[in-house]
Amino acid sequence: MKYIRLSKEQLDEMHQEFINFLAAQSITADEWDDIKKNKPEVAEQELDVFSDLVWEGVLGKVEYLEHFSQQHMFLFKVGDLKISMISIEVENKSIDITTAQGYKWLQENFMKDEVNLYSSSKLISDDRNNDIFVLIRQGANITQGDLYKWFEEFVEVD
């Protein structure tokens, strides 16, 4: 397995897609029930293959990611050749930008000395989707890039 198996909730939401996946392999509902009952290791493999296919489809469309912690915000833009990052650091340890109040404080004070803005970029490896997946596993979320685009106006990005 290249990525991670989809959760039960995710698999439930993708029930029809999974049925289509099984049908593409000529596996009927009765056969699937038999596989789950009598060959659980094969059922596990099918779930893993399906999960990887879903991840590949999702990761292939990612353009922006965000990761928040109490004093840091990491905004990523995934291009064809590189991943660019804008990092926002709040020096004041009493401010928690993961809360509504802390986020509001950041919006009002992002240009003050106690807020540092950085940018950097790195080349994408031969496995673009895995580069993105690593960021997701570290806590990043896929977004539309609104924050990145907004902060891009204030930071020189490579």
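This is a predicted model: local features need pLDDT of at least 70, side-chain atom pairs count only at pLDDT 80 or more; totals for chains, interfaces and linings use all residues.

Colleague: Which residues lie nearest the centre of the largest pocket?

Modeller: H15, F18, L22, W32 and K36, out of 15 residues in the lining.

Colleague: And how much space lies in the largest pocket?

Modeller: About 350 Å³.

Colleague: Which helices supply at least two residues each of that lining?

Modeller: That would be α1 (8–13), α2 (15–24), α3 (29–38) and α4 (40–59).

Colleague: OK, switching topic. How is the chain divided into domains?

Modeller: Domain 1 covers 8–60, and domain 2 covers 64–152. The contact between them takes 5 residues from domain 1 and 6 residues from domain 2.

Colleague: How far apart do the C-alpha centres of the two domains lie?

Modeller: 34 Å.

Colleague: What area do domain 1 and domain 2 bury between them?

Modeller: About 470 Å², with 66% of it on carbon and sulfur atoms.

Colleague: Which three residues supply more than any other three of the area that domain 1 buries against domain 2?

Modeller: W55, E56 and L59; they account for 81% of what domain 1 buries there.

Colleague: How many salt bridges does the rule find across that interface?

Modeller: The count between domain 1 and domain 2 is 0.

Note on methods:
Residues are numbered from 1 along each chain as its sequence is written. Side-chain values use heavy atoms; hydrogens and water are left out. On a 1 Å grid over the protein atoms alone, a cavity is a set of points where a 1.4 Å probe fits but cannot get out, and a pocket is an open set with protein on both sides within 12 Å along at least five of seven lines; lining residues have an atom within 4 Å of a point. Grid points are joined across faces, edges and corners, and a volume is the space filled by probe spheres set on the points. Helices (H or I, at least four residues) and strands (E, at least two) are DSSP runs, numbered from the N terminus. Domain bounds come from an automatic or database domain assignment. Contact means heavy atoms within 4.5 Å. Buried area is the accessible area (1.4 Å probe) that two parts lose on being put together, summed over both. A salt bridge is a side-chain nitrogen of Lys or Arg within 4 Å of a carboxyl oxygen of Asp or Glu.
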